[in-house]
Amino acid sequence: MDAEAAKFIGAGLAAIGAGLSALGVGNVFAAFLEGALRNPAAADAQQGRLFIGFAGAELLGLLAFLTAVILLFVV
């Protein structure tokens, strides 16, 4: 296998990671909404954790995208 093909395979695998981070963001918001509907009084206290979970999941997606771009254009 030549280096060009390996580069494209690695970028494709990194794109899978970016797609899976979207599932993580969806799970974070689904868990928050489920908890907020069960106990609306505690929803305001949990909103900070919602944003931390969202930021963490989104960061993993951005890192996967950055890895794909580096593999395609830098290496």
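Glu-4 pairs with Lys-7 in a salt bridge, and their closest N and O atoms are 3.6 Å apart. This is a predicted model, so please read the distances here as computed values. Both residues belong to helix α1, which covers residues 3-38, and they sit three residues apart, about one turn of the helix.

Glu-4 is partly exposed, with a relative accessible area of 40%. Lys-7 has 15% relative accessibility; the cut-off for buried is under 20%, so Lys-7 counts as buried.

## What surrounds Lys-7

Which residues does Lys-7 touch, once its neighbours within four places in sequence are left aside? Lys-7 is in contact with Leu-71, Leu-72 and Val-75. Lys-7 itself is found in helix α1, while helix α2 spans residues 43-73.

## The second salt bridge

How many salt bridges does the structure hold? There are two. Besides the pair at Glu-4 and Lys-7, the side chains of Arg-38 and Glu-34 meet with an N to O distance of 3.4 Å. As a reminder, side chains of opposite charge can pair when their charged atoms come close.

Arg-38 and Glu-34 are four residues apart in helix α1, so about one helical turn separates them. Arg-38 is exposed, at a relative accessible area of 69%, whereas Glu-34 is partly exposed, at 46%.

Leu-60 is found in helix α2.

## The chain as a whole

Stepping back, the chain has two helices and zero strands. Its C-alpha atoms fill a box of roughly 60 × 15 × 10 Å along the principal axes.

Buried residues make up 16% of the 75 residues. The accessible surface comes to about 5,300 Å², and carbon and sulfur atoms account for 74% of that. Among contacts with a separation of 6 or more, 75% join residues 24 or more positions apart.

Technical notes
Residues are numbered from 1 along each chain as its sequence is written. This is a predicted model: local features need pLDDT of at least 70, side-chain atom pairs count only at pLDDT 80 or more; totals for chains, interfaces and linings use all residues. Side-chain values use heavy atoms; hydrogens and water are left out. A salt bridge is a side-chain nitrogen of Lys or Arg within 4 Å of a carboxyl oxygen of Asp or Glu. Buried means under 20% relative accessible area, exposed over 50%, partly exposed in between (1.4 Å probe, protein chains only). Contact means heavy atoms within 4.5 Å. Accessible areas come from the Shrake-Rupley method with a 1.4 Å probe; for residues, only the protein chains shown count as cover.
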